[in-house]
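Here's a quick tour of the charged pairs, the pocket and the disulfide in this model.

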Amino acid sequence: GRRAGSRRAWLLAGLAWFVGSLPAAQAQTFNQVAVGVGPGCNFSSIQAAIDAAPAGSNQRTTVRVTRSLVYLQQKLVINGKNVVLRGGFADCQQVAPDAILTRIDGTGGATGSVVEFKGLTDEVGLRNLEITGGDASRGGGVLVHEGPHTRVLLSNLFVHHNSASYGGGVYVAQQGPVQLESVRLENNTASLYGGGLGCEVGNVQ
């Protein structure tokens, strides 16, 4: 009895040491900022908000893109950060999105996608946005590449009047899944293939 009890106590102590030595799981940190002009706004530039988002697999940032500004000549790059751009807000104090999409326009800017996702990420996306005016070699409106991105969600988008050689509206060239929900693709053009949507590598759902 005494020997068995000692062995049991030794095993329990060893198990406690082993569990205590395991690395603690990183808690997810959720950040939210607003782009626009007026009370409650954190940034007047979408790219500035993206650049200020903290890096790290445990970080999640939602950038609320309001209609209090007009966004022209946009060539946005989300590089290795878990960032979701979310429109549907009239101003920075509005809590819940409405049914009006926020327009992000690449017209008049340099050649390139209106929104480009690249680098290693866990979760990125676009929600409640109108994407137009892009002109690129791949993905005039939206380009998803150079991942892998664990999850890409494109939800409630109107992608129109973009052009590219491949994938005028949206172009996917990455291994992970890209999920499309309520995405309208209209009047996008490609000189080679994929006027609305082109997929080189990936799983478009």
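Let's start with R67 and D98, which form a salt bridge with their closest N and O atoms 2.9 Å apart (a side-chain nitrogen of Lys or Arg within 4 Å of a carboxyl oxygen of Asp or Glu). R67 sits in the loop between β2 and β3 (76-79), while D98 is in the loop between β4 (83-89) and β5 (102-105), so this pair ties together parts that are 31 residues apart in sequence. Strands here are DSSP runs of E, at least two residues long, and helices are runs of H or I with at least four, all numbered from the N terminus.

R67 comes out partly exposed at 27% relative accessible area, and D98 is partly exposed too, at 30%. For the labels, buried means under 20% relative accessible area, exposed means over 50%, and partly exposed is in between, using a 1.4 Å probe and protein chains only.

## Ground rules for the model

The model is predicted, so local features need pLDDT of at least 70 and side-chain atom pairs count only at pLDDT 80 or more, whereas totals for chains, interfaces and linings use all residues. Residues are numbered from 1 along each chain as its sequence is written, and side-chain values use heavy atoms, with hydrogens and water left out.

The structure holds 8 salt bridges. One of them pairs the side chains of R60 and E123, at 3.5 Å from N to O. R60 belongs to strand β2 (residues 59-66) and E123 to strand β7 (residues 121-132), so parts 63 residues apart in sequence are tied together by this pair. R60 is buried at 16%, whereas E123 is partly exposed at 30%.

## The largest pocket

How much space lies in the largest pocket? About 180 Å³. A pocket here is an open set of points on a 1 Å grid over the protein atoms alone, where a 1.4 Å probe fits, with protein on both sides within 12 Å along at least five of seven lines; lining residues have an atom within 4 Å of a point. Grid points are joined across faces, edges and corners, and the volume is the space filled by probe spheres set on them.

Of the 16 lining residues, T62, V84, E123, R127 and R151 are the closest to the centre. β1 (29-35), β2, β4, β7 and β10 (149-160) each supply at least two lining residues, and β7 gives the largest share, with 5.

## The disulfide

There is 1 disulfide in the structure, joining C41 to C92 with an S to S distance of 1.9 Å (the cut-off is a pair of cysteine sulfur atoms within 2.5 Å). C41 is in the loop between β1 and α2 (46-52) and C92 in the loop between β4 and β5, 51 residues apart, so distant parts of the chain are linked. The torsion about the S-S bond is about 95 degrees, so this disulfide is right-handed. C41 is partly exposed at 21%, but C92 is buried at 6%.
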